[in-house]
Amino acid sequence: MTTVHAAPARPRSGTRRAWLVVALVVLAAVAVVSVGVGAHAIAPAAVLRALFAPTGTGDDAVVRHIRAPRALLAVGVGAALGVAGVLVQTISRNPLAEPGILGVTTGAGFAITLGSAAGLTATGAGELMLAVAGSVLATVIVHAVGRGSPLRLVLTGVALSAVLSGVSLGTRLLLPDVFDAYRFWAVGSLAGREQSPMLLPLLAIGLALVGAVLLSRQLDAVALGETVARSLGANVVAIRAGALVLITVLAGAATAIAGPILFVGLIVPHLARRVAGGSVPWLVAYAAVLGPILLLVSDVGSRVLLPTGEVPVAFVTAFLGAPVLIWAVRRYGAAPL
Amino acid sequence: MPVPTLARVTGALVLIVGLVAGCDSGAAEPAAPSGATRVFTADNGDITIPVAPKRVVATGYAVPALLEAGAPLVGISTWQRGLPMMSAKDRAAYDRLAKVAGESAAETNYEAIAQAEPDLIVIGVPKPVLADIDLDRLRAIAPVVALGPSLPSAWRDLSRKQADAAGALATFDTVRAAYVDKTKQLAAKYAGVLPKLKFAHLGAYGEVANGNFQREFNGSWGTNVAQDLGANYYGEVKVKGTGSKAVSEYPSIEELPSAFAAADVITYTVSADGSVPKGVRYVLDSELWKGLPAVKAGKIYPLRYTEAATYGSAMATADAADQALAPLLTS
């Protein structure tokens with residue numbers, strides 16, 4: 001018996017544009033809150049003074065050197081993970097896919113583990129390079145082995161992730177110093193990353209986001225299925241390879257600078273789909289805005305939840321994101337890919 | 001002659017039941033100490049132990065304490081964190097002795113402990129960690145005395161109790177007297193300087209993670225020996241916890257200026273080789289650190305050997321603190 005799904009009703013462009021503007025306004029508001037709220041209370045006027053007329057006080061340093069870079073990081077990482085999630089769900093045609101399924105996260109973790117054992121993680125730059133190298137290597141292996149079909153790709157990613165996780169875990173258990181070094185990186189967090197070199201990864205994320213926008217129209221055809229895409233004249237293999245490169249850059253750079261924050265890449269595409277429907281270009285646009293909103297809100301939460309210290313943002317995205325995802329699915333039903 | 005299948009299966013079942021019954025240690029009787037005994041109060045209750053044990057197994061914090069006290073050890077757990085602070089004699093003994101457990105309580109090797117044939121087992125792990133150890137199984141081998149750490153500065157009392165249980169108080173008291181003499185001399189040397197200053201300490205242990213720092217107050221690992229020299233680490237934790245959390249906390253890096261603003265002097269933990277641990281390096285590289293009054297005044301000093309948990313190793317800590325704080329005498 002064959003089940004025929006009706007094509008999802010696509011919201012009108014005007015509605016999409018209006019909601020995107022609303023989302024951008026919310027993003028701007030959340031970014032302002034993110035710079036203004038933290039473990040150390042600073043009056044709004046002092047925040048403004050720190051941003052536009054600093055006098056070298058402790059409050060100025062907190063705003064300019066801790067909160068502002070952190071907000072910028074949240075925007076970059078959130079957009080990268082959200083858009084990577086859209087791309088991976090589109091090319092795998094799997095609503096449960098997220099960037100980590102291609103081995104990006106475990107590849108980075110594996111490289112950090114080996115790098116710690118070799119003493120290469122003493123600096124932020126060293127850690128960053130290792131994480132990027134691990135992500136790229138893992139994705140290249142997954143692509144080389146599983147490029148035949150989306151299912152094969154996902155299965156290869158899962159298998160490689162399992163192997164790398166096992167080897168990493170074994171190494172960390174055998175070497176307590178490596179375990180200690182790894183734990184700093186492994187908890188996905190935006191805290192304490194402000195000293196890491198951010199320019200290059202954020203630049204890479206920016207370029208990959210532009211690439212995602214350019215590729216999104218062709219991905220629209222792939223989203224209809226391989227046969228339909230071919231009949232429309234799309235080069236499915238080339239489009240899929242291009243998407244994989246973008247996913248690797250986006251998720252690899254985000255994971256390298258913030259550690260593994262797994263849930264954003266899964267939730268954001270689902271939330272974006274509520275408004276964007278099945279249009280990949282609109283999905284990319286919405287994910288690039290909703291990802292930062294989710295991460296900024298979670299990051300503010302991570303700073304104020306405990307009386308002293310912080311909760312890693314990856315915990316907050318999970319606690320915040322999971323109910324939102326369940327609510328969205330129950331409220332609207334799972335939107336078809 | 002072929003054996004019928006039913007008979008073979010029955011035989012195998014009987015054998016398995018017999019083996020399982022033989023392996024069951026849950027019903028084993030506690031080992032009774034031989035010779036003169038006494039009742040010793042430990043974390044696990046009142047325990048009857050030999051007055052003069054001849055073969056002692058030590059784990060956790062009891063390892064450095066009993067090595068230093070010259071107890072008759074026949075087996076120990078590994079204790080990597082204490083190696084840089086051990087004397088050559090203690091280190092040789094550490095290397096020579098059989099390792100019957102790893103760094104964590106879950107790595108206890110019960111067979112190796114049984115093979116060592118101890119007449120006393122001294123467990124030096126915190127109370128909550130005792131749950132990871134099968135005490136019944138150990139009790140079947142020898143009397144078990146659990147004496148674990150509470151507050152960091154309580155190592156003084158803890159190591160004495162451990163030495164007492166192992167019948168090694170004589171050497172212990174000699175080492176303690178040497179420490180007391182040394183710190184008295186150093187306290188006299190710094191009497192005109194340290195008591196007038198407000199100290200703060202940046203630590204490197206426990207829950208140090210990205211974006212936070214460890215502030216240690218009086219009675220913590222990084223501060224308790226410097227206190228014996230006369231330093232006073234002002235303030236107290238915002239939310240009092242148990243163990244080390246009663247005397248140290250992990251605020252966000254944003255709170256660094258307010259936490260250390262009133263400090264005249266800031267000390268910070270470094271590794272035994274003088275290298276700066278990652279969590280401490282993060283704070284030292286922060287722009288917020290550079291704006292602190294004590295940092296601007298150049299009153300920041302690294303402290304080595306802050307993990308000392310015995311009087312012998314604490315003498316190395318006291319020497320290191322003396323070396324670090326010496327500039328205060330001339331400033």
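Reader: How far apart do the C-alpha centres of domain 1 of chain B and domain 2 of chain B lie?

Author: This is a predicted model, in which local features need pLDDT of at least 70 and side-chain atom pairs count only at pLDDT 80 or more, while totals for chains, interfaces and linings use all residues. Residues are numbered from 1 along each chain as its sequence is written, and side-chain values use heavy atoms, with hydrogens and water left out. The two C-alpha centres lie 30 Å apart, and the contact (heavy atoms within 4.5 Å) takes 14 residues from domain 1 of chain B and 20 residues from domain 2 of chain B. The bounds, 37-169 for domain 1 and 190-330 for domain 2, come from an automatic or database domain assignment.

Reader: What area is buried between domain 1 of chain B and domain 2 of chain B?

Author: The size of an interface is often given as the accessible area lost when the parts come together. Here the buried area (accessible area, 1.4 Å probe, that two parts lose on being put together, summed over both) is about 1,500 Å², and carbon and sulfur atoms give 68% of it. Of the area that domain 1 of chain B buries against domain 2 of chain B, Met85(B), Pro152(B) and Trp155(B) supply 45%, more than any other three residues.

Reader: Which residue forms a salt bridge with Arg156(B)?

Author: A salt bridge is a side-chain nitrogen of Lys or Arg within 4 Å of a carboxyl oxygen of Asp or Glu. The partner is Asp228(B), with the closest N and O atoms 2.6 Å apart, and the rule finds 1 salt bridge across this interface.

Notes. Chains lettered and ligands numbered in written order.
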